[in-house]
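Reader: I am new to reading protein structures, and I would like to go through one slowly, asking about the whole chain before its parts. Could you show it to me?

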Amino acid sequence: MRARHPVSRAETPLRVVILAGEVGFCFGVKRAITMAEDALVQDEPVYIHGDLVHNRHVTDDLESRGLQKVRSLEGRPRGSVVVRAHGLPRTEVEEAKEAGYRIIDATCPIVLRAQEAAQMMEARGCQVVIIGDAHHAEIKGIIGALRHPALVIDTVEQLRNAKATRALRRKVGVIFQTTHALELCKDIVGELVFMCKEVQIVNTICRPVQNRQDAALSVAEDVDLMLVVGSPTSANTMELTALCHAHNPWTRHIEGAEGLRDEDLCWAHTIGIASGLSTPVHLIDEVRSAILARTDEPDFSRRPPREFYELRRHDG
Ligand code: SF4
């Protein structure tokens, strides 16, 4: 039986909105934003490779205050380089340091622990297998912390292909992208243990991510419509959407209140809201207020067909 998680309810005679557990930034995102803000008050340029966190409301705000997103530091005046919450390959950090830039490392401690777990597996003679998205910033950071190439797997098909092409070794050490849903990884792990002689596993999935997933699922199962608020470039938001969809086919992902569709809301009486870990609280408040402001009676006969939802993983 699933553990119950705290929810907050708001209702009118026409609609009930249930907020799943905690919303707003996780500690890693809060920490990264604070470090970037502190750097921006210094009298020097502040650069970043990629996005500090995966929400455009947050990154637009920081860029409007002076944070400069760059692909390369070549020719740029000396200043500070902020390392994003999900890390950078070690070589990029070292190069910036050697070129005289000040490094402000906002890599989340949980991401650093995943890098250390991968290094430990490598030191034990394992081939490191990362269950995650090869294009994700965090995975690039983990690969960049290793001496040997890692195998990155995101689907059972990719795993079977690795086995068929002999890319999979007999002794492997498995870690997970911190934002993944363990439930969505179990088929890969299940096959892996039959394919290899020795499998060592460290669960590197972030606890705040798991808590959000558990809280969202306990709401998703009981509502007419489930909404997941966050950026489409946020991996944990899209993973949460996929997970909720597996338990409630009337699950939709939206970036904010502007994404609310009449055809979803006209029939729904109870509406659950969950959010990614880089979604600002004000976006969730706007969604909740817009739903509660509706004056139409829910009409269950207008329930739309189940939407096919395809999990697409993103860099975030
Ligand atoms: S989601 Fe987890 S790993 Fe990512 S920044 Fe937040 S606390 Fe850190």
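**Questions on the fold, the ligand shell and the cores**

Reader: Which part gives the largest share of the shell around the ligand?

Author: This is a predicted model, and in it the elements that give two or more residues to the shell around the ligand are α1 (27–40), α4 and α8 (207–220). Among these elements, the largest share, three residues, comes from α1.

Reader: How do the residues of that shell divide into nonpolar, polar and charged?

Author: There are 15 residues around the ligand, and those that come nearest are Cys26, Gly28, Cys108, Ile110 and Cys206. Sorted by kind, the residues of the shell come to no charged, four polar and eleven nonpolar.

Reader: What radius of gyration does the protein chain have, and why is it called as compact as a globular protein of that length?

Author: The secondary structure of the protein chain comes to eleven helices and 13 strands. For 316 residues the globule rule gives 20 Å, and the chain is close to that value, so it is as compact as a globular protein of that length, with a radius of gyration of 21 Å.

Reader: What share of the contacts with a separation of 6 or more is between residues 24 or more positions apart?

Author: Of the 316 residues of the protein chain, 42% count as buried. Among the contacts in the chain with a separation of 6 or more, the share that joins residues 24 or more positions apart is 76%.

Reader: With which residues is Ile130 in contact, leaving aside its neighbours within four places in sequence?

Author: Ile130 is one of the residues with the most contacts inside the largest core. Once the neighbours within four places in sequence are left aside, Ile130 is in contact with Ile139, Ile142, Ala150, Val152, Ile175 and Gln177.

Key: Residues numbered from 1 in each chain as written. Predicted model: local features only at pLDDT ≥ 70, side-chain atom pairs only at ≥ 80, totals over all residues. Core = buried A, V, L, I, M, F, W, Y, C linked by C-beta atoms within 7 Å. Buried ≥ 20, exposed ≤ 12 C-beta atoms within 10 Å, placed from the backbone. Contact = placed C-beta atoms within 7 Å. Near = placed C-beta within 6 Å. Helix = DSSP H or I, 4+ residues; strand = E, 2+ residues; numbered from the N terminus. Nonpolar A, V, L, I, M, F, W, Y, C, P; charged D, E, K, R; others polar. Rg over C-alpha atoms; globule rule 2.2 N^0.38 Å.
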